[in-house]
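Please consult the sequence and the structure alongside the text.

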Amino acid sequence: MLKKQSSEEYDAIIIGAGIGGLVCGCYLAKAGMKVLICEQHYKPGGYCTSFRRGAFVFDAAADCFGAYRKDGITRKVFEELEIDKKLNIIRFDPPSIILTPDYRVSFWNDLEKTIEEFQTAFPDERDNIKKFFYFLSNSGAISISKLRNWTFKNLLDYYFTNDRLKAILSLPLLAMAGLPPSLMSAFMGVKFFSEFFLDGGYYPIGGMQMLSDTLAERFKEFGGELRLSSLVKKIRVRDNKVTGIVTENDGFIPSRLVVSNCDARQTFLKLLSKEKIERGFYNGIKNMMPSISNFIAYLGINKQFKPPQPQGSAVFFSQHYDLDRAYRSAQKSDIDGYGGHTFRISRDKSTIYAIIPAAFKNRTFWNNNKPRFLESLIEKIEKSTIPGLSEHIVYKEAATPYTLYRYTLNYKGASYGWASIPSQLAVPGLRKPPFLQNLYLTGHWTTLGVGISGVIYVSHETSKLILKKERNMIL
Amino acid sequence: MENGIEREIISIVSDITGFEPEEIKPETNFMKDLEVDSIKAIEITVALEKKFKISIRDEDVPNIMTVKQAVELVSNLLNQKGTNA
């Protein structure tokens, strides 16, 4: 056990109770450290939260998770923290379906079934499909690090010639990470496939909030302290060493270590004073590109609804195959030009969650345009994927990029931290800035992992890094 | 010069893996002994490039598995840079 500080000082303060902050908090508290997590929202979870409206429960942003196979990082961490026993986790099959006017292919839980389905749809690429999926399923190997400068387009061109197949394999990445294959990092694309599309569709019964609440409970059982509605305003530094944080409610709180699970841009440009940061690093952060945000529709459905697609599966739909055009439209928040959408009918078919990539605009823009966007998205879904949808809607609400910003303070409502482009992969110093002692970052703004399994990976690594240093300090 | 390079490389690997510099020897295997995976291999590569202002070929990334290999690669690249200058 690591020795706890006896005074008012914490061993570690974590900023942000998203999944990354909670996982990191659990590991540090479990090791005996005195840990405080400050979260600005009134509930834990960040993008992994749910909300209730009457009889309906909606997942706010994250709507399932991946990497829960036998040696997957999510399972490893849930088992180590013993939260696997407290959750009832199911898996949808198929977790994902890709739909266009000409094709319907699914990612099944059985890899061979997935390969066969792609081979039937694209017989001219039969052998290449097998090689590609086997490559994806073995992507744990160190050898994939050589893809660091490749785009996902480079990787697809290496394996395939059929342009429609390339577009179909890129569609879920555009829908989730908001990048076309010509910009998406091949390395991160492969991680999305291996950790999410090929090993995804896991869901905690009761909603995604169950995951966050269970982690928060576990953190408290380990002796951690969680303060909700507690906005951090500053990270204090003396002699290039962090000394604590300043919150809106409680003023200065001293701590030996600070772990920021919030937006890296905010950490360096707002929470820290400019003169404490290396100038080159500061300018680098300022020029980095965030991932795109989303527009999300939450629909409550009546009991007469007969789902045209399997309940629980994410359906990625596109009307066309020009993903660069779709990307440019998403950048302008142009639903018509984007020409696609993703949706999931809930397990009990009482709700539908529909999502499209959308650019950040200010509050006034969304106040004026949110209802029109929502109606337009419902109309598009009704025309292409769920005929008669509007007759069954009994409740509707939407989240805009501004809403996502407001609840999580992620820069420009970014859904996946920094954009997953090759030049932003593994930016040195983002997990542990070399010019400041005792400051660590975790979560999807460290450019090392995105999505729930990605932030679990980073937070597991960051906690290991901290605990190794702590143990060496005691020894 | 190589001793200086070795010290810098050990410091980078220590920062990324959390292992103390004293635990990292020239022959220590990054993957087997320091829990380096494909993501950390890229982190180490990018940090080496930035520190020594060199450009490492993609196909060499998975082959940097010990401090010794990293020192050899960095020294060669620095020598080439010196020759070309």
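## Chain B and helix α11(A)

In chain B, 53% of the contacts between residues at least 6 apart in sequence join residues at least 24 apart; a contact requires C-beta atoms, placed from the backbone, within 7 Å. This is a predicted model, in which local features need pLDDT of at least 70 and side-chain atom pairs count only at pLDDT 80 or more, while totals for chains, interfaces and linings use all residues. Residues are numbered from 1 along each chain as its sequence is written, and chains are lettered from A and ligands numbered from 1 in the order in which they are written.

Chain B holds 4 helices and 0 strands, these being DSSP runs (helices H or I, at least four residues; strands E, at least two) numbered from the N terminus.

| Property of chain B | Value |
|---|---|
| C-alpha box along the principal axes | roughly 35 × 25 × 20 Å |
| Buried share of the 85 residues | 38% |

A buried residue has 20 or more other C-beta atoms within 10 Å of its own. In helix α11 of chain A (residues 323-331), the buried residues are A:Leu323, A:Ala326, A:Tyr327, A:Ser329 and A:Ala330. They lie on the same side of α11(A), because their arc around the axis is only 165 degrees. Their cover includes α6 (163-177) and β14 (314-318) of chain A.

Notes. Buried ≥ 20, exposed ≤ 12 C-beta atoms within 10 Å, placed from the backbone. Arc of directions from axis to C-beta. Contact = placed C-beta atoms within 7 Å.
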